[in-house]
Amino acid sequence: MMLPARFTSQVILNTWRRRHHGTCYSNLPSLSSNYLNKQRKTTVSTHHPENSSQSWLLSPPTRLDATRKRLFSLSATGIVNSAPAPMQPYLRLMRLDKPIGTWLLYLPCTWSIGLAADPGCLPHLGMLTLFGTGALLMRGAGCTINDMWDKDFDKKVARTATRPIAAGEITQMQALVFLGGQLSLALGVLLCLNYYSIALGAASLSLVVTYPLMKRITYWPQLVLGLTFNWGALLGWSAVIGSCEWSVCLPLYFSGVMWTLIYDTIYAHQDKDDDIRVGVKSTALRFQEQTKPWLSGFTVAMMSGLIVAGVNAEQTLPYYATLSTVAIHLTHQIYTLDINKPEDCWKKFVSNRNLGLLLFLGIVCGNLWKERRDTSLQND
């Protein structure tokens, strides 16, 4: 029986493919997933242009996955989650996964360092780096002290019940040893400064230790937090110059305290129901429905202090233009605030990091503008 010529030629072609190429190309889609996985592993591990003509098909997804993993690990939460398991509770104890507090502690330092720079010059980069390291360590130490004091309170509040000490991941003794390590490193940073700044920095330690107790005593713990968090407004200037120029540093410090009263009162409105239940105090409970008028008053006081500091530091047009933008930002923040929505309170609270960075930029630009102004006066 004669087969059609077309069918015969197809059989011959398939036989030739099997003999010379092993597996027929038409059978590739039917390969099992296990086999393909094996091939992928082999190709990635022995990748070479001469070894596999298909390696270029498999490599890009591998590189993409690795890139995604690296990008994820760059976030604060990613860094903590990628750390060895025994370290993670300690990193969470110092709030490394929530860097907003470090920013709010660091920014008044940058304002002071920026104002202390020579006319026409950028802020001292070494000092900015040193104070950034110190802010990270001291914020971590403050959080450790706070959690040691508040262990029993934290257990009763859903938002704080998972904190390492409250959850039993870290004992009080372990936390105390960890606190000693953080303070030792912070002392090493402080000792890099001049003697005046060392004494001034050491004076803030009493505020760091006692602040967590204030919520048990007064409805104004945010005021004590402001006195603590804005110490860098004094310390930054003295670290650069060697002593404080009080006509600049005190108004700047006062403005920072008012700023803290604004953002931390907003923050406290997230926890007001829990605070009532466990018996602690805050400005949110003190102000209640009158929060916005109080915050408006703090804003006026903050802006007044910044104007006085700018005048005494001989700041220029870019600085005052930035103050206008800061005032608009705070006005919008307060006007649109819904104190009964925790998610809105958190959003407004976090936005203060950008406000602080904006003010720092205004200080830098205002200082650089001094050279242009002085040059113009010389030409005239």
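Start with the rings: the structure holds 15 aromatic pairs. Here, rings of Phe, Tyr and Trp (its six-membered ring) pair if their centres lie within 6.5 Å; planes under 30 degrees apart count as stacked, over 60 as edge-to-face, and the rest as tilted.

Stop 1: Select Trp 103 and Tyr 106. Their ring centres are 6.4 Å apart and their planes stand at 55 degrees, so the pair is tilted. Both residues lie in helix α6, three residues apart, about one turn of the helix. Helices (H or I, at least four residues) and strands (E, at least two) are DSSP runs, numbered from the N terminus. Trp 103 is partly exposed at 30% relative accessibility, while Tyr 106 is buried at 16%. Buried means under 20% relative accessible area, exposed over 50%, and partly exposed in between (1.4 Å probe, protein chains only).

**Stop 2: a pair across the chain.** Now select Trp 231 and Tyr 253. This aromatic pair is edge-to-face, with 5.9 Å centre to centre and 90 degrees between the planes. It links distant parts of the chain, 22 residues apart: Trp 231 sits in the loop between α13 (221-229) and α14 (232-241), and Tyr 253 in helix α15 (residues 246-268). Trp 231 is buried, with a relative accessible area of 16%. Tyr 253 is buried too, at 11%.

**Stop 3: a cluster.** Select Trp 111, Trp 259, Tyr 263, Tyr 267, Trp 346 and Phe 349. Together they form one aromatic cluster.

**Stop 4: two backbone angles.** Most residues other than glycine have a negative phi. Select Arg 95, in the loop between α5 (88-93) and α6 (100-116). Its phi is positive, near 60 degrees. Arg 95 is buried, at 9% relative accessibility. Next, select Gln 288, in the loop between α17 (283-287) and α18 (291-312). Gln 288 has a positive phi of about 50 degrees.

**Stop 5: the whole chain.** Zoom out. The protein chain has 21 helices and zero strands. Of its 380 residues, 43% are buried. Residues 24 or more positions apart account for 71% of the contacts with a separation of 6 or more; a contact means heavy atoms within 4.5 Å.

**Before you leave.** This is a predicted model: local features need pLDDT of at least 70, side-chain atom pairs count only at pLDDT 80 or more, and totals for chains, interfaces and linings use all residues. Residues are numbered from 1 along each chain as its sequence is written, and side-chain values use heavy atoms, with hydrogens and water left out.
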